[in-house]
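Here's a quick tour of some annotated positions in a protein. Have a look at the sequence and the 3D view, then read on.

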Amino acid sequence: MNIIFLGPPGSGKGTHAQRVSEDMGIPRISTGDMLREQMKNGTPLGREAQAFVEAGELVPDGLVIKMLQERLAQPDCAHGVIFDGFPRTLPQAEALAQIADIDVVVNMEIPDEVIVERMQGRRVCPACGHTTHVEQLGDSQSCPKCGQGLTIRKDDLPETVLQRLRVYHEQTQPLIAHYQALGLLRSADSSGAVETTRANVRAALA
Ligand code: AMP
């Protein structure tokens, strides 16, 4: 089963894609996580991607498609994949259609105002990659998984969030109509509490 999670930055795609991945026992592929890993390791791809990611722009299609193709060729992807943050453009969707049959596209629906508020509180662990929100942390500013001090992703800074939203509306939102026309789209309201969204995602996949 191949499932795409579609939605703007900060819509909860990553969190809910991860839960569905664990529930279904199939891997989640996050192109954002893969790019951050490449950047952290200073690989040629990471160095090429860095300026785009930090400016809130999309990394060029060719680079991301090649990275994804290599990941999909790995044996753990044989029984399906949860795509988180890919495709983000029509050319990416067309490339994906050549290499995988998509069963369902979950579209995370959330107004821009809620995203901006939410992303101001997002924190990430530089050691294990866990993402959380200040409201879930209480007094501690440490990672609940590994105890490391949490940081703010450079591309979560307010001006970059607004740029990422602009990029989403221009380049990624057209995918909603694309997958709707293919009869694959199911929507899940993700503007509320995390457990409410979880139930909406479950209903979309039922
Ligand atoms: P994410 O963690 O999914 O929000 O991705 C963080 C950043 O990585 C994005 O703002 C883009 O710069 C880049 N990125 C992730 N996935 C893609 C993709 N499918 N196409 C192009 N750029 C991407």
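Predicted model: local features only at pLDDT ≥ 70, side-chain atom pairs only at ≥ 80, totals over all residues.

Residues are numbered from 1 along each chain as its sequence is written, and side-chain values use heavy atoms, leaving out hydrogens and water.

**The annotated set**
- An unreviewed UniProt entry marks a "binding site" at positions including T31, R36, E57, R153 and R164; such annotations may be inferred rather than shown by experiment.
- The annotated positions are spread over 134 residues of sequence, and in space they reach up to 24.7 Å between C-alpha atoms.

**R36**
- You'll find R36 in helix α2, residues 31–40 (a helix is a DSSP run of H or I, at least four residues, numbered from the N terminus).
- R36 counts as partly exposed because its relative accessible area is 27% (buried is under 20%, exposed over 50%, partly exposed in between, with a 1.4 Å probe and protein chains only).

**R153**
- R153 sits in the loop between β6 (131–133) and α7 (158–172); strands are DSSP runs of E, at least two residues.
- With a relative accessible area of 14%, R153 is buried.
- Skipping neighbours within four places in sequence, R153 is in contact with R36, R122, V124 and R164 (contact means heavy atoms within 4.5 Å).
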